[in-house]
Every structure is written in C-alpha cells, then in structure tokens.
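Hi everyone, thanks for coming.

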Amino acid sequence: MVGDRSSTARAEKAPLGQLPAELAAIPDDENRAIGVVDLLLCRAIEHRASDIHLEAKRSGMVVKYRIDGTLLVVAQIEPALVSLVLTRLKVLAHLVIYQKGSPQDGRIEYRLGDRTYQLRVAFMPTLHGEKAVLRLAEVLDRPLALDELGMSQDVFRRVRRMIVSRQGVILLTGPSSSGKTTTMYAMLLAIYQGAGEAINIATLEDPVEMDLGCISQTPIPSGGEMSYADGLKSLLRQDPDVLMIGEVRDLETARIVVQAGLTGHLVITTIHSGRASSVYTRLLNMGIEPFLVASSVQGTIAQRLVRRLCDGCKKAQPVDAQTRQRLGLDADAPIFDPAGCAACEGTGYRGRTGIFEILESNEDLQELALRQSPARELAERARLFMPGDLWTDAMRKVEAGVTSLAEACRACGGEVELDSKDTEK
C-alpha cells in the first residue's frame with residue numbers, strides 16, 4: 001500500500017496548473033520517484049480523475065488525467081526519471097520489475113487521509129517505452145441515490161416499477177465508463193432501503209467499485225480462480241432474492257442469468273450492446289433461446305454520461321430557429337456553451353450526469369423476441385413504448401442548461417452533427 005498522505009495532503013486541493021511546479025519541487029534524491037508517484041496519485045484523486053495515463057514519448061513521458069470523461073495533459077516527466085517511476089508503480093502493484101516487453105496488469109491500494117482507494121494498473125510496451133494506465137474507482141463520499149443520477153421523472157418511475165417486482169432480468173447497456181455500475185448500485189440501495197434486512201441482496205463484481213456497506217458484495221478474484229459463471233452458480237446457492245452481476249460476458253453466464261430471472265430472482269446486470277432495444281437482439285445472437293429472452297427480460301436501460309456545464313462560467317449561446325427545430329429544441333429555451341474558469345480548470349465543465357432511455361417488456365416486445373425479429377423492427381416498435389430515446393433526454397438537458405449541444409452530440413455518438421451554420425456567432 002502506498003504511504004498515508006494524511007499529514008501532507010493539503011486542506012484545499014492545488015490547481016492542476018501547479019502540478020508541474022509541485023513535481024519540480026520534489027527533492028532530487030533516491031526517493032524522488034516515490035514522491036512523484038505519491039503526488040500524481042494524490043492530485044488525481046483530489047481532482048476526481050477516473051484514469052491516469054503515463055504515455056511514453058520520444059522526449060520523455062506525458063502525464064494525463066481523465067476528468068469528467070476528457071483527457072487533460074497535466075505534467076511531463078523527464079527521461080531520466082521515467083524508468084524509476086514505472087518501476088515504483090510495478091513494485092506497488094506486485095508486478096515483475098524487469099518485464100518490459102509484454103503487457104502486465106495489477107492492482108494498487110492507495111491511502112489518502114482516512115480512505116483507501118483501489119487502483120487497477122496496466123502496462124503496455126510501445127515504440128518509445130512502456131505506457132501505464134491507472135484506473136481509479138469513482139471517488140465518491142457515498143453511493144448516489146436513484147434521484148441523483150439525472151433521470152427524468154418518466155425514466156425514474158419506470159425504474160422504480162421494475163425493481164419493485166423482484167423478478168426477472170434488468171439489463172443495462174452503454175459504453176465503458178458510462179455510469180452503469182453507479183446506476184446498479186443506486187437500484188440496489190433503493191431496494192434495500194425499501195425492504196431492509198428482509199431480503200437477501202448479493203453482488204458479483206470485477207472489481208467491487210464501492211463498498212455499499214449494507215449488502216453482500218463478492219469480487220471476482222484475480223488470476224482466474226473464479227469466473228462469472230462459477231461465481232453466479234455459487235451465489236444462487238446462497239438463497240438470494242436480488243442479484244447484481246457485473247457483466248454478462250459469455251453464453252454460459254447469460255443462460256444462468258435468464259434462468260435465475262425465471263425462477264423467482266431479480267437479476268440486475270450489464271451487457272455490451274448499443275441501445276435499449278438492441279439488448280434483445282444481443283441476447284438472441286449470443287445463443288439464448290427466444291422463449292427465455294421473451295420470458296425473463298423485464299426491462300432494458302441504455303445510458304451515457306454527459307459533462308455538466310460549470311455554473312460559474314457557462315454563457316448563453318444564440319441558436320437559430322431552424323437549428324432548434326431540426327434538433328428538437330424548445331423555441332425559447334436558453335442554450336449555454338462552456339466558457340472556462342478557475343473552478344472548472346478552464347474546461348467549462350464540472351461533473352457529469354446521465355442520459356437514459358428505458359424499455360419495459362410487454363407482450364409486443366415478447367412476441368418480437370419469440371420471432372427473432374430484426375434489430376430494426378425491434379427498434380421501431382420500441383419507440384412506441386419509451387418515454388424518449390437518448391437523444392431526446394440529452395436535448396432536455398441542453399434546454400435545462402445542464403449541458404451543451406456539443407457535449408450532447410458527443411455523448412450520443414454524433415447522431416446529430418453541429419456545424420458552423422447551426423449557431424449564430
């Protein structure tokens with residue numbers, strides 16, 4: 001474990017722009033690499049970074065923090081120190097120091113004040129040396145509640161309705177780092193707060209991103225000692241009422257999940273797909289029998305994260321009537337753009353919120369699943385039953401001044417591209 005910085009951490013975080021000067025001020029002795037790694041980890045946590053990138057370049061090493069989903073260059077490490085910094089990280093992660101020509105993965109525990117943070121570290125050889133990427137579990141003082149995720153009232157009501165039923169499978173989909181685990185934690189907490197110790201809630205995660213403190217959470221051990229399928233089989237022998245499975249990764253896990261949903265369990269999990277409707281197609285393509293998909297799936301949720309505009313510096317941006325109509329924006333809603341200030345490190349954004357689309361199962365969707373209907377037909381029918389898709393939800397947040405048009409387009413995969421003619425300068 002990295003040493004405790006409770007005595008050296010500042011009462012107020014230092015601006016990111018000061019990081020190069022802070023690194024330069026570390027004494028040039030045999031402990032310099034230790035001090036550099038310690039400072040980089042400390043500042044990353046203080047500034048809510050989800051990832052730290054140490055990228056090997058011809059001139060040295062570039063340090064980047066991913067904050068609110070965006071990579072920011074924060075410092076550089078001189079060539080003479082690069083090898084020592086990487087070696088320090090390998091020691092902390094219990095990896096082979098001299099192995100530089102092949103990838104390595106490990107874990108680091110870092111203590112800051114009275115909290116211990118779990119970091120995953122991955123090394124990859126590149127043309128100019130090794131690159132290291134450290135993933136930090138989201139730094140939150142507490143898990144978020146359902147009503148803090150950014151759900152519209154329609155989505156919120158449907159989610160509450162699905163978790164009350166306590167049977168079937170709820171599947172969340174979205175790209176990596178789109179907030180799916182945070183949403184699942186919020187759902188589990190809502191279930192626990194409603195039923196207390198009267199029900200048995202268990203999870204299987206890789207890794208456990210936050211200790212909820214009130215339910216049984218099981219991490220997948222490193223080294224391949226237990227797979228998701230093996231762990232799920234064991235959990236089902238623990239008399240669970242509600243199960244959270246980190247991810248449906250293979251056919252075996254998918255079959256166990258849908259069978260559990262059919263036999264009196266509520267299973268909440270994630271699956272790689274595109275939209276809420278395409279989850280059905282994904283399960284069918286994996287090889288799950290159509291009748292199992294139709295009978296077990298209770299609902300699907302697709303989500304993304306958008307950066308929130310900084311309230312201290314966002315500025316109104318005129319948008320012409322034609323563009324508003326094309327994008328589905330209210331004719332009178334003020335539209336804001338990022339500006340940049342000290343509070344948001346000059347990015348114009350601070351924090352993130354979710355955009356969602358939700359699809360509850362019904363007889364029409366079950367029939368389409370039984371017929372193994374094409375994805376396009378499923379998507380067209382699904383629109384009739386959803387309160388809105390991802391783009392609709394994103395536009396509502398643009399109208400509310402929560403995010404910008406550019407950020408909404410980015411998060412929705414460029415479904416609507418803005419060009420210079422769309423805005424009045």
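**Helices side by side**

Let's start with a handedness: α6 and α7 cross in a left-handed way. Keep in mind that what you're looking at is a predicted model.

Which residues make the contact? On the α6 side you'll find Y228, A229, L232, K233 and L236, and on the α7 side E252, T253, I256, V257 and A260. Sorted by class, the residues of this contact are seven nonpolar, one polar and two charged.

Next up, α2, residues 32-46, and α3, residues 79-92. Here the axes are 9 Å apart and the angle is about 70°. Anything from 65 to 115 degrees counts as roughly perpendicular, so that's what we call α2 relative to α3. Is the crossing left-handed or right-handed? α2 passes α3 in a right-handed crossing. From α2, the contact uses R32, A33, I34, V36 and V37, while α3 brings L81, L84, V85, R88, L89 and L92. By class, that contact has nine nonpolar residues, no polar ones and two charged ones.

The last pair is α4, residues 153-165, with α5, residues 180-195. Their axes come within 10 Å, and the crossing angle is roughly 60°. That angle makes α4 oblique to α5. The crossing of α4 past α5 is right-handed. Who meets whom? V159, R160 and I163 of α4 meet M187, A190 and I191 of α5. In this contact, five residues are nonpolar, none are polar and one is charged.

**Now for the rings**

Let's move on to aromatic side chains. How many aromatic pairs are there? The count is zero, with centres within 6.5 Å as the cut-off for a pair.

Rings do come up in another way, though. Take K90: its charged end sits over the ring of F123, 5.3 Å from the ring's centre. And then there's K314, whose charged end sits over the ring of F336, with 4.8 Å to the centre.

That's my tour, so over to you for questions!

Key: Residues are numbered from 1 along each chain as its sequence is written. This is a predicted model: local features need pLDDT of at least 70, side-chain atom pairs count only at pLDDT 80 or more; totals for chains, interfaces and linings use all residues. Side-chain values use heavy atoms; hydrogens and water are left out. Rings of Phe, Tyr and Trp (its six-membered ring) pair if their centres lie within 6.5 Å; planes under 30 degrees apart count as stacked, over 60 as edge-to-face and the rest as tilted. A charge sits over a ring if NZ of Lys or CZ of Arg is within 6 Å of the ring centre and within 35 degrees of the ring normal. A crossing is left-handed if the near helix is turned anticlockwise from the far one by less than a right angle, and right-handed if clockwise. Helices (H or I, at least four residues) and strands (E, at least two) are DSSP runs, numbered from the N terminus. Contact means heavy atoms within 4.5 Å. Ala, Val, Leu, Ile, Met, Phe, Trp, Tyr, Cys and Pro count as nonpolar, Asp, Glu, Lys and Arg as charged, and the others, Gly among them, as polar. Axes are lines fitted to C-alpha atoms, for helices over the stretch in contact, and angles run from 0 to 180 degrees between N-to-C directions. Angles under 35 degrees count as roughly parallel, over 145 as roughly antiparallel, 65 to 115 as roughly perpendicular and the rest as oblique.
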